[in-house]
Amino acid sequence: MSQGQRGGFTKQAARNIFYGGAAFFALLFATLVFDTEQHIPKRSNVQNITPAVVRGKQIWETRNCIGCHTLLGEGAYFAPELGNVYKRRGPDFIKTWMQIQPTGAPGRRQMPQFHLNDGQLNDLVEFLKWTGEINTEQWPPNIEG
């Protein structure tokens, strides 16, 4: 008998376990990816993307809002999460807040004044509204973001 067969666990058995396990987990991974891909269109709110939403996203990106804020958990943590700001505060609050920046409140972080016109503010609000309607399965868990 060879040395590999005496212990009852041969190199061939180890190889079979490795290949069998790799095949099982590759199949499991492919199944999970396929299942996830089937759910994304239902959750993404893509049917509600309008030209205003697209313009609002461009404002979000060109003003580097994600450099301070998080949006659906992505971004910086310097300023509040904005994924649900439309539900929390509403469109009028968002527009007014943007127009009065910086507030000059001592000891508080200050948001810069971007000098957005009414159309840009409306577009940004539409983008934040659309973002708030994405099915995130209750993320963020706190209504205040």
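This report describes the fold, pockets, cysteines and backbone features of one predicted protein model.

## Basis of the model

The model is predicted: local features need pLDDT of at least 70, side-chain atom pairs count only at pLDDT 80 or more, and totals for chains, interfaces and linings use all residues. Residues are numbered from 1 along each chain as its sequence is written, and side-chain values use heavy atoms, with hydrogens and water left out.

## Overall fold

The protein chain has six helices and two strands. Helices (H or I, at least four residues) and strands (E, at least two) are DSSP runs, numbered from the N terminus. In sequence order the pattern is α-α-α-β-β-α-α-α. The radius of gyration of the protein chain is 25 Å, well over the 15 Å that the globule rule gives for 145 residues, so the chain is more spread out than a compact globule. This radius is taken over C-alpha atoms, and the globule rule is 2.2 Å times the number of residues to the power 0.38.

Along its principal axes the C-alpha trace spans about 85 × 40 × 25 Å. Of the 145 residues, 23% count as buried. Buried means under 20% relative accessible area, exposed over 50%, and partly exposed in between (1.4 Å probe, protein chains only).

## Largest pocket

The largest pocket holds about 630 Å³ of space. Its lining has 28 residues, and His69, Ala79, Pro80, Trp97 and Met111 are the closest to its centre. Two or more lining residues come from each of α4 (85–89), α5 (91–99) and α6 (118–132); the largest share, four residues, belongs to α5. By class the lining of the largest pocket has 17 nonpolar, five polar and six charged residues. Here Ala, Val, Leu, Ile, Met, Phe, Trp, Tyr, Cys and Pro count as nonpolar, Asp, Glu, Lys and Arg as charged, and the others, Gly among them, as polar.

A pocket is an open set of points on a 1 Å grid over the protein atoms alone, where a 1.4 Å probe fits, with protein on both sides within 12 Å along at least five of seven lines; lining residues have an atom within 4 Å of a point. Grid points are joined across faces, edges and corners, and a volume is the space filled by probe spheres set on the points.

## Second largest pocket

The second largest pocket has a volume of about 240 Å³. Of the 16 residues that line the second largest pocket, Lys87, Thr136, Gln138, Trp139 and Pro140 lie nearest its centre. This lining divides into six nonpolar, eight polar and two charged residues.

Histidine 69 sits in the loop between α3 and β1 and is buried, with a relative accessible area of 12%. A polar atom of the histidine 69 side chain lies 2.7 Å from the backbone oxygen of proline 80. Both residues are among those closest to the centre of the largest pocket. A polar contact is a pair of N or O atoms within 3.5 Å; within protein, one must be able to donate a hydrogen and the other to accept it, and residues adjacent in sequence count only if both atoms are side-chain atoms.

Arginine 88 belongs to helix α4. Arginine 88 counts as buried because its relative accessibility is 16%. The side chain of arginine 88 reaches the backbone oxygen of glutamate 81 at 2.6 Å.

## Cysteines

The structure holds zero disulfides, a disulfide being a pair of cysteine sulfur atoms within 2.5 Å. Cysteine 65 is in no disulfide, and the nearest cysteine sulfur, that of cysteine 68, is 8.4 Å away. Cysteine 65 is buried at 12% relative accessible area, whereas cysteine 68 is partly exposed at 31%.

## Backbone features

Most residues other than glycine have a negative phi, and most peptide bonds are trans. Asparagine 64, in the loop between α3 (51–62) and β1 (70–71), has a positive phi of about 55°. Leucine 72 also has a positive phi, near 55°. Leucine 72 is found in the loop between β1 and β2 (74–75) and is partly exposed at 26% relative accessibility.

The peptide bond from glutamine 101 to proline 102 is cis, with omega near -15°. Proline 102 is in the loop between α5 and α6.
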